[in-house]
Amino acid sequence: MFGLETVIVFFAAIVCGTISGIMPGVGGMAVMLMAYPFLIEMQPHNILIFYVSMVSVDQFFGGITAIVFGVPGSSSAVPSAMEGHKLFKQGRSSESIMYSAIGSWLTSVFGVILILAMIPLLFMVYKVWNSTVQMMIFGLTSIAIIWISKNKIIVSVALFIFGNLLGKVGYDTYTNSSFMTFDSALLYPGLPIMPVVTTMFVIPLLLNSLSRGAKIFEFPGVTMEGYIESFRKIKRYSTTLIRAGFLGSIGGFVPGMSYGMSSIMAYTVEKWVQIRRGSYIPRKGNMPCLIASEGANNAGTFTQLVPLLFLGIPITVSEALIYNILDTRGYPVTIEWFQSTFAMIIVFFLFSATIGLFAAGRYVNFMKILNNVEIKWVYLCVVLFLFGAIYYVGNQTLAGLEHITITAMLLPIGLLLSRCDTMPLIYGFILHDKLFEVAVRMWILYT
Amino acid sequence: MDIVYLGFNIKKEKKMKKKISIILATLLMILPVSSALSADKVDVIQYSRAGGLHDRMITYVADSLGDRFGERIVVDNCAAAIQYLKKTSRPTVAAMAFESMAKQNDGSKNACAIDKKHFVQMYAASPWSVCHRTDNPAATISALRNDEVRVGVWQNGFYGPRFVAFMEAINPKAKVIPYAKAKMYRAALVAGEIDFSISTVAKDGEICPVVLNDKLVGDAQITASDLEPKAPHNVLGYSYFFAGANLANIDIAEIVFASDAWKNRRDQRYGQFMTGVSKNKQWKSLIN
């Protein structure tokens with residue numbers, strides 16, 4: 001069953017996961033599409049190995065970029081950028097990276113164990129996953145996001161609504177109508193996520209960061225000794241890890257949530273716990289919150305495979321792509337076949353997570369090259385790089401200039417909001433379609 | 001011996017820089033080469049992020065192109081697909097849904113409507129069916145007509161109101177529950193939140209006893225027009241057409257329909273649509 005192809009596929013997945021983790025805007029789906037011509041030639045089990053290894057490694061590298069540069073590679077890394085970069089500015093960079101990497105590895109293992117323990121009960125979970133439960137989860141998460149923000153409640157509510165409105169801009173097939181497009185072809189496709197996150201989250205975060213903490217980029221790096229020491233000490237965060245692992249695992253495998261939502265949920269719950277304990281200081285960043293968001297991400301990356309493996313339901317676009325490849329090539333896309341790959345998936349997931357844990361440590365040491373550079377120049381480079389990435393990603397669909405134009409239009413609003421905590425806005429933007437859809441359904445169900 | 005200058009350990013940093021340079025150089029080499037290699041090929045546009053039927057429909061096209069397949073261009077929605085078609089200079093094809101030509105609710109032109117020059121020909125169509133899970137004994141045709149059942153439908157600005165009107169005529173006591181994605185139907189059917197779904201493709205563990213068509217299809221037991229002749233939209237299907245750019249010398253339809261990918265498609269309910277009808281008449285049926 002396993003041969004040279006499996007070995008090549010596995011290492012290619014490690015490289016691809018590294019690239020998608022480091023580069024903002026290059027998500028797992030983009031890598032899957034780039035790899036599509038190769039995937040369609042592979043043995044079916046190798047396609048699954050490629051995917052599971054790639055997303056596993058991606059999570060480790062994505063977290064580092066968020067912590068060091070304050071740039072979330074995807075929406076799921078927004079909390080890591082928020083808390084992690086503040087810790088970085090407090091001189092706790094090495095500690096943050098090591099704890100979040102080890103925490104992520106532990107929650108990956110937690111996700112595997114939880115699913116193994118829950119196999120007999122999995123079908124029951126799907127039986128209770130109805131619109132009411134979804135509305136409760138989305139609703140409580142939204143309320144918690146607003147509640148725990150450092151803004152005044154009214155400001156957070158306004159930002160959350162504004163984020164929802166930004167999300168609704170464009171043509172909507174659900175309503176067969178356009179919203180705030182002003183009859184402009186530029187706005188019909190809607191606002192892409194990268195310009196919104198860059199202008200409304202990254203730039204305000206970096207501007208806020210400039211005036212606080214270190215002025216010089218200082219990163220001592222991570223060492224094997226540091227990893228071992230952190231591994232020993234991480235038990236102090238065991239309740240955080242269990243909470244994050246549980247929420248991440250659940251969020252990963254229910255349809256309509258995905259691991260991005262897991263991360264948001266785990267972060268929100270952890271922040272609420274920390275605020276209640278009085279240990280959350282907004283300007284300093286919070287280690288348990290960082291560990292929770294990073295850990296939930298990783299637990300969710302594994303559990304999101306469960307609907308595909310046990311019910312034959314692909315719940316992410318990448319999984320749908322895998323499913324389609326197998327299907328069109330006439331491979332057995334039966335639940336029995338998927339289940340027969342489960343043990344193999346677990347082994348490769350854990351193996352790639354372990355490689356991700358240490359490879360991320362190696363990669364992050366490259367960043368010492370920036371030591372002693374004034375942080376404002378680093379930020380300037382980050383922003384310029386992001387503008388370049390926005391153009392590049394947009395240009396993949398011949399819309400580079402449009403994406404830059406949208407960025408320029410949003411930038412003044414982002415600058416105006418630079419004194420606010422813009423996370424409610426970002427969450428409003430990310431959650432708007434889910435919230436709207438479930439709310440409509442609830443209205444019909446209960447009226 | 002380590003040489004430290006301006007905080008940089010020159011020896012170590014040189015090694016690191018070399019590694020970074022090799023990685024970047026490899027990436028920079030791969031990207032243009034992959035673009036150049038696909039210069040004469042046909043790209044396909046995927047505008048649905050949700051996976052499922054549209055993905056499969058465009059994957060049949062990609063697979064049938066074989067060596068001529070270029071790149072899969074993923075855009076956010078059908079409006080972005082139209083913008084892409086207008087700008088690209090490469091041979092490109094998309095499988096667009098029929099409703100993208102319908103006017104918006106306020107009467108304005110649909111943001112996803114194509115110009116005639118981008119219309120290639122009709123692709124495939126399937127009638128809608130009323131389906132339920134095989135393990136739900138309460139989901140009978142009698143229940144569909146008389147009980148307070150819940151029917152899950154696709155939350156779509158064009159089809160949604162038609163499903164509501166159809167169900168109101170079939171059974172005024174039924175509740176029509178909208179779902180944004182087809183995969184949500186399955187979870188809702190499993191969870192028992194809905195009793196029936198209106199779908200074009202039956203999934204594993206589901207049967208579709210009522211078909212919104214003038215003749216029986218698949219496992220259907222009755223047509224919707226036999227069930228309720230006066231129900232509006234009792235003959236209703238979902239259809240795709242090919243839209244493209246720079247395809248002057250490429251007969252996409254012929255390539256797709258002759259391919260094994262199409263012959264062995266999972267969605268056997270979807271068949272060729274409006275074959276033998278002139279392109280002009282096909283276009284007219286779209287814009288009307």
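Helices, of at least four residues, and strands, of at least two, are DSSP runs numbered from the N terminus. The views below are taken from a predicted model.

Figure 1. Chain B contains 10 helices and 14 strands. Its length is 288 residues, of which 43% count as buried. Among the contacts in chain B with a separation of 6 or more, 73% come from residues 24 or more positions apart.

**Figure 2. The two domains of chain B and the contact between them.** Domain 1 of chain B is made up of two segments, 42-126 and 238-287, while domain 2 covers 129-227. Taken over C-alpha atoms, the centres of domain 1 and domain 2 of chain B are 27 Å apart. At the boundary, 10 residues of domain 1 of chain B are in contact with 11 residues of domain 2 of chain B. The side of domain 1 of chain B that touches domain 2 comprises 4 nonpolar, 3 polar and 3 charged residues.

**Figure 3. Packing of helix α6 against helix α12 in chain A.** Two packed helices are described by the angle between their axes and the distance between the axes. Helix α6 of chain A spans residues 93-118 and helix α12 of chain A spans residues 238-253; their axes come within 9 Å and cross at roughly 55 degrees. The two helices, α6(A) and α12(A), are therefore oblique to each other, and the crossing is right-handed. On the α6(A) side, the residues that meet α12(A) are Gly103(A), Leu106(A), Thr107(A), Phe110(A), Gly111(A), Leu114(A) and Ile115(A). Their partners in α12(A) are Leu241(A), Ala244(A), Gly245(A), Gly248(A) and Ser249(A). By class, this contact of α6(A) with α12(A) has 6 nonpolar and 6 polar residues, with no charged residues.

**Figure 4. Surroundings of Asn130(A).** Because 18 other C-beta atoms lie within 10 Å, Asn130(A) is classed as partly exposed; a buried residue would have 20 or more. Within chain A, a distance of 14 Å separates the C-alpha atoms of Asn130(A) and Gly251(A), which are 121 residues apart along the chain.

Conventions:
Residues are numbered from 1 along each chain as its sequence is written. Chains are lettered from A and ligands numbered from 1 in the order in which they are written. This is a predicted model: local features need pLDDT of at least 70, side-chain atom pairs count only at pLDDT 80 or more; totals for chains, interfaces and linings use all residues. A residue is buried if 20 or more other C-beta atoms lie within 10 Å of its own, exposed if 12 or fewer, and partly exposed in between; C-beta atoms are placed from the backbone. Two residues are in contact if their C-beta atoms, placed from the backbone, lie within 7 Å. Axes are lines fitted to C-alpha atoms, for helices over the stretch in contact, and angles run from 0 to 180 degrees between N-to-C directions. Angles under 35 degrees count as roughly parallel, over 145 as roughly antiparallel, 65 to 115 as roughly perpendicular and the rest as oblique. A crossing is left-handed if the near helix is turned anticlockwise from the far one by less than a right angle, and right-handed if clockwise. Ala, Val, Leu, Ile, Met, Phe, Trp, Tyr, Cys and Pro count as nonpolar, Asp, Glu, Lys and Arg as charged, and the others, Gly among them, as polar. Domain bounds come from an automatic or database domain assignment. Lists of a residue's contacts leave out its neighbours within four places in sequence.
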